[in-house]
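User: I would like to go through the terms used for this structure and see what each one rests on. Please set the values against the definitions.

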Amino acid sequence: MNNAMIKRTTKRTEYWIFLVLIIMCVAIQIASGGQLLESSTVVTILRSMVVDGMFAMVCLIVMVSGGFDLSFPAVAALAYSLSTTICVNMGWSETNAWAGFIMAIVIGAVLGMLNGWIISNFKLNTMIVTLATQTLFIGISMGLLELKEITSKLPLGFRTFGESYLFEVKSSAGLRSTMTTMFIPFVIICIITSLVLNRTMFGRALYAIGGNETSAERAGYNVKRVKFWLYVAVGATCGFIGMVRVCMARQSIPKALVGQEMTIIPAVILGGASIFGGEGTVFGTICAVGIITVVSNSMLLIGIDSYWQDFFNGIVILVGVTVSAIQAKRRNK
Amino acid sequence: MQAKFKEYSNKNRYSVMLFGLMILLLMFFSVTKGETLWSLGTWNGIFIQFPEYGIMTLGVMFCFIIGNIDMSFVALGDFACIMAVRYMAGHVTEDMATGQVVGVILIALLIAIAIGVIGGIINGVLVAYLNIPPVMATIAMQLVWLGLSTALTKGYAVTGVPALYTEIGHTMLFGFLPVPLLIFLIIFLFSLFLLKFTTYGKRLYMTGTNLKAAKFSAINTKAMIISTFILCDVIACIGCMIMVSTMNSAKADYGTSYVMRVILILVLAGVLPDGGMGKIFNVLLSIVAIQIIASGVNMFSQLNSYYASLIWGGLLIIVLILSTKMNGTGIKLFKLKKQKM
Amino acid sequence: MSEYLLEMTEICKSFAGVPALEHVNFKVRSGKVMCLAGENGCGKSTLVKIISGVYSKDEGEVVFEGKPIAKITPAEATKLGIQVIYQDLSIFPNLTVMENLAINSEITAGKKLVNRRQWEATAKEALSKIGYHIDLHAKMGELSVADKQLVAICRALLFDAKLIIMDEPTTALTKKEVDALFKTVCQLRDSGIAIMFISHKTEEIFEISDDVCIMRNGKNVYAGPTSELTPKDFTYYMTGRELTDDHFVAKNISKEPVLKVEHLSLKNKFEDVSFELRKGEILGITGLLGSGRTELALSLFGLERPKKGTITLNGKQVKITSPIMAQKLKIGYVPEDRLTEGLCLQQSIADNITLSSLKRLSNSFGLLKHQDIIDDASIWKEKFSIATNDVNKFASTLSGGNQQKIVLSKWLSNDLDVLILNGPTVGVDVGAKQDIHALVHQLANDGLAVIIISDDLSEVVINCSRVVVMKEGKIVGEMTGDKISEDNILEIIR
């Protein structure tokens, strides 16, 4: 029995991803002469995981259901830029900053409804639908509403929230690094995603639909409804994540997230999610995002020009998908 | 007569739809901006602008027909251009004779095409031999090429394009035919020929419809897949080289928005990444329709260019929903397919 | 209360004016196994869907436990105690056994949260119903078909099922697994559950069923106890015609073998297989699922690569590494699964027929001769009487039998020495079946060497001049001429 459990664990993708993460950290730690695990570096890396990590959760939950969402950066961008613009125009600066969050969440949910409505009612390829809505949302935010960049006029509430931090660490070389408060929402979103996926019938429905949609329907799930609410929830979460990003960057740029899907989706796939649905875990996804962030952030430490960042990320992902494809091939035999 | 039209429209729903769309668009813009629309300048603009991504669309079309998708073509094209421009910048000197400059340009073009071939082979091997789903393989390759370009250029644009080369992008042959349009037409006719009149085209459609059946019918499906990626990426590199002549430089992230635009055009034309479907004439119609929207939006001074994006997205949603209402070859084909090789 | 659990009387159902079921009557008794038999497309699955509430009937009466049921939804059918185990088993390959067992009842109970302990208890309870043991945390997709089936049965039992409908459960099972399944079925029957068993295999039906209902073209042609039926009657009812003993007689067999296979082995699939094939004969290779028959065929077509042994064609030793090479060596292969391996459904009939002979239908530059393609396809359309008025129509517009004719023509339009047919008439209606058989006979007499791979014994007996029987990867018997009979083959297979 114990043996069987070990066997099962080693079969799981997230186990290998975790191993890779650890080995990579150790290797970089040695190559950089102990700089990687300096408290300040660790905090910096964790901080830069926040936004990507949260987006990865959103992406994961869609992929589990067998979907492929290209529109989430556009949803987030439209939600936060519209919401901050309203806040600025209303003259809310300090006291009503939370209203911005609520507005962004509501806007995100509404945009998600459009996705959900089309996908659940017409049974179309989700990738193509979200490509269409992505184009539409970009058009709305930058064409129809002509939302502008907001930097210096950003409500003070957002700014102070973004600048707040949990604790501060100092490295041996005297480098200071602060852990942003935004880390808390990141942890909360990860926990919620994990709970939803594993401990609710809704989450099990997503796995079931991703595994076999017809069977899910026969088992008694209302697949249409599940899909609809999935995209609404995803939209709302994207709105929230967008606001977190605005606070952290202390600026709201409608264009900022364009193309972000192309770096987040591969990370989620690296973490064990399948584009055919039904696979993927929160732990694996976090590890994969961790790998990508560590690669990006530690290149300078080991003396590689940071311009090589995309290249190495690409290689890591390429190796990841190749290994999982070879594994799948072997399993089919 | 009516019955004949009905039969034709049943068979060619997308063509009829796209024609209708085009007429509607032209009518709308004629009414609102008639004078600007029917001016030489507008149409010149249309014919100069669309070849860039139009060429790329034709390339990606091959991938779609065989049931794959390529997300890496722009990044690869940019990389090829960076290498080509670097070569040109390094070898062209002020005092060179025109003939020599032409020689250097030709070698640079060959470099770009060679890189396209290499990129296509890599994509093809990843998909055909390692069985990686094409979306995943090409997204990863997109990052690799983008990363290589960024690392080589440190994110700056590479300049030093010979003046002669830049001229190509702006020359009107015989006073009315822009060179990019000519190249587009050549590639269009080549693709048309390949798809309609050769065994290759027939095998392409059949393999896209059912890869396994094609394999059982003694078709070398792996070679087919690799060849489509090579075609796609070489054509994309040519498209990017035209971009170089209009931009007068090459950069790691030029034209990244074209990836999504190309997919949008193809889906609008009824060429779906599920494979086996689509007609090249519809792709042509779709390209022109998309460009008319962009140019049309440009005619309204109070609208910014993102309005085009709004219309494209809305249009695609409507077309997608309509396509589910078309019976026969409609909806079922839209689902992501799980195919084991 | 009557002795019958389910009574169906005068059931009619039509789709868009086309009748699918016409006045169907049958009864199911508790604690008995009832077989619903019929060829493909006879309305079996429509009938099942009416019982399970997916479709509603147009006319007739359904009585369950003595109470007439007017109209039911799938959920209500479950509540009544009707469970359907579909052919695809409706399982989730990505979830664990435990989750697969428990998820349905949890959804039915309207739960919102997941209680792992509760799930595990439910799963254990389900397994205990038939005393079946399996690792609860194993992934469903990694189990064998037989295990998946037992899990599906356990899951059905959780709902206090009174009637379990099993849709073609033996299709993908080996003989051993079928025996194990039948044991479970008997166990369920003895506990008082009514089983409705859908099948078209004669032996199975006689082995397991108490009652039988045979359907043909949407009508039931026989309903009653199995014991009152002979196998011959059964075949008559199934096909609607007397079995014609139109055996194939080889007229001109060549002296030299065209194909010679010696000591061919493929790891875990088959071992030390040797046989000869001459022009003009039809060789049958038969055996149960998992006997290695399909892999052997794929090896001759270049899709599997045997490590040991030799293949000799026309006296020359060859290595077949791809279908392209097989085609060059004049070997053709009609695959087992028409829809996934044989046809491009959403392409025209003409394109499908000419797919593997495009080289002949183009000039030396690879330019297509469009008219030749149409002409070529039309020739086959005539020769095979493919039921279509236009070869430019999609292959998906045809019936199974006509589709199979397309796949055959695809290879016959090549110049062939050897033709391998794997399950040539699976899912093909009787008329088309005879057309195909007749053509194969003629081809053999014209000098083609044909291999028929099939587990349909009657087909093998009628068509083959020589039969090789495979079992667990080895050739266990060979017979020729009068020795070929279903009984003789069965004796070896068992």
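User: What makes helix α9 of chain B mostly covered?

Analyst: This is a predicted model, where local features need pLDDT of at least 70, side-chain atom pairs count only at pLDDT 80 or more, and totals for chains, interfaces and linings use all residues. Residues are numbered from 1 along each chain as its sequence is written, with chains lettered from A and ligands numbered from 1 in the order in which they are written. A residue is buried if 20 or more other C-beta atoms, placed from the backbone, lie within 10 Å of its own. In α9(B), residues 199-209, nine of the eleven residues are buried, among them B:L204, B:Y205 and B:M206.

User: What covers the buried residues of α9(B)?

Analyst: The cover includes α3, α8, α10 and α11 of chain B together with α12 of chain C.

User: Why are α4(A) and α11(A) called oblique to each other?

Analyst: Angles under 35 degrees count as roughly parallel, over 145 as roughly antiparallel, 65 to 115 as roughly perpendicular and the rest as oblique. The two helices pack at an angle of about 60°, with their axes 8 Å apart, and are therefore oblique. Their crossing is right-handed.

User: Which residues of α4(A) and α11(A) meet?

Analyst: Those from α4(A) include A:F72 and A:Y80, and those from α11(A) include A:C238 and A:R245. By class, the contact has eleven nonpolar, five polar and one charged.

User: How many residues does the contact take from chain B and from chain A?

Analyst: Chain B gives 43 residues and chain A gives 44, where contact means C-beta atoms within 7 Å. On the chain B side, α6(B) supplies the largest share, 13 residues.

Notes: Contact = placed C-beta atoms within 7 Å. Helix = DSSP H or I, 4+ residues; strand = E, 2+ residues; numbered from the N terminus. Axes fitted to C-alpha atoms, helices over the stretch in contact; angles between N-to-C directions. Left-handed = near helix turned anticlockwise from the far one by under 90°. Nonpolar A, V, L, I, M, F, W, Y, C, P; charged D, E, K, R; others polar. Buried ≥ 20, exposed ≤ 12 C-beta atoms within 10 Å, placed from the backbone.
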